[in-house]
Amino acid sequence: MSQVNRAICPGTFDPVTNGHLDVIDRASALFDEIVVAVALSPDKGGGPLFELEERIAFIEQAVSSLPNVRVQPFDGLLVECAQEMDAKVIIKGLRAVTDFEREFQMAQLNYRLDKTVETMFIMSIPEYAYLSSSAVKEIARHGGSVNGLVPDAVCEALASRLHQSL
Ligand code: PNS
């Protein structure tokens, strides 16, 4: 019996950026199945700007052309979500060296929690190396354009959510 080579791409995705989508796209070429696991993250940075359902919908729309990618919510420990999904690999995007310390800590802790789940990193392409959901929200909040940094639907949602024209 052949085993499905499944990986999990976790994050808060508040909102998803083109950098996230590039990592998901590249991961989908390496694994049979990718589960994009969207964390509830109620406490992150004073609470997400977008509801869980909205964050999931933005990603679902953006990955609709990738048949081996599905999106689902998660709460609690990531390794438990990976176990439930029968995913043996956690895929994380790595941008500048500033990401490394936090990602290294999370990878070590996840390994301690479950040694059967490996964390693997996909390096950001230079174009997206400094792109983050926080930066996108800050630019949008101050009326700057985030075109090309996030999907069009996210651009529009940011504009209406923040009552600004981008
Ligand atoms: O997009 P983010 O906010 O950087 O994603 C972080 C996330 C959600 C992947 C991380 O906070 C996480 O794995 N949360 C689940 C809780 C957990 O498993 N913690 C133990 C490892 S530190």
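Helices and strands are named here as DSSP runs, a helix being of H or I with at least four residues, numbered from the N terminus. I note that the model is predicted.

**Entry 1: the end of H3.** I looked up what comes after H3. The helix is followed by Asp 86, whose phi is positive, near 55 degrees.

**Entry 2: the buried face of H3.** I took helix H3, residues 78–85, and asked which of its residues are buried. I found Leu 78, Val 79, Cys 81, Ala 82 and Met 85 to be buried. Viewed down the axis of H3, these buried residues fall within an arc of 155 degrees, so they line one face of the helix. In an α-helix there are 3.6 residues a turn, so residues three or four places apart point the same way. I then listed what the buried residues of H3 pack against: strands E1 (6–11), E2 (33–39), E3 (69–74) and E4 (89–94), together with helix H4 (100–113).

**Entry 3: the sheet.** I traced an open sheet of five strands in the order E3-E2-E1-E4-E5, with parallel pairing. E3 and strand E5 (118–123) stand at the edges with a single partner strand each, so one side of each is left without a neighbour in the sheet. On average, neighbouring strands of this sheet are turned by 30 degrees against each other, direction ignored. Between the parallel strands E1 and E2 I recorded six bridges. Gly 11 stands opposite Val 38 in E2.

**Entry 4: helices on the sheet.** Helix H2 (residues 52–62) packs on the sheet and touches E2 and E3; its direction makes about 155 degrees with that of E2. H4 also packs on the sheet, touching E4 and E5, and its direction makes about 170 degrees with that of E4.

Notes
Residues are numbered from 1 along each chain as its sequence is written. This is a predicted model: local features need pLDDT of at least 70, side-chain atom pairs count only at pLDDT 80 or more; totals for chains, interfaces and linings use all residues. Side-chain values use heavy atoms; hydrogens and water are left out. Buried means under 20% relative accessible area, exposed over 50%, partly exposed in between (1.4 Å probe, protein chains only). Helices (H or I, at least four residues) and strands (E, at least two) are DSSP runs, numbered from the N terminus. The arc is that of the directions from the helix axis to the C-beta atoms. Contact means heavy atoms within 4.5 Å. Two strands pair if DSSP finds at least two bridges between them. Axes are lines fitted to C-alpha atoms, for helices over the stretch in contact, and angles run from 0 to 180 degrees between N-to-C directions.
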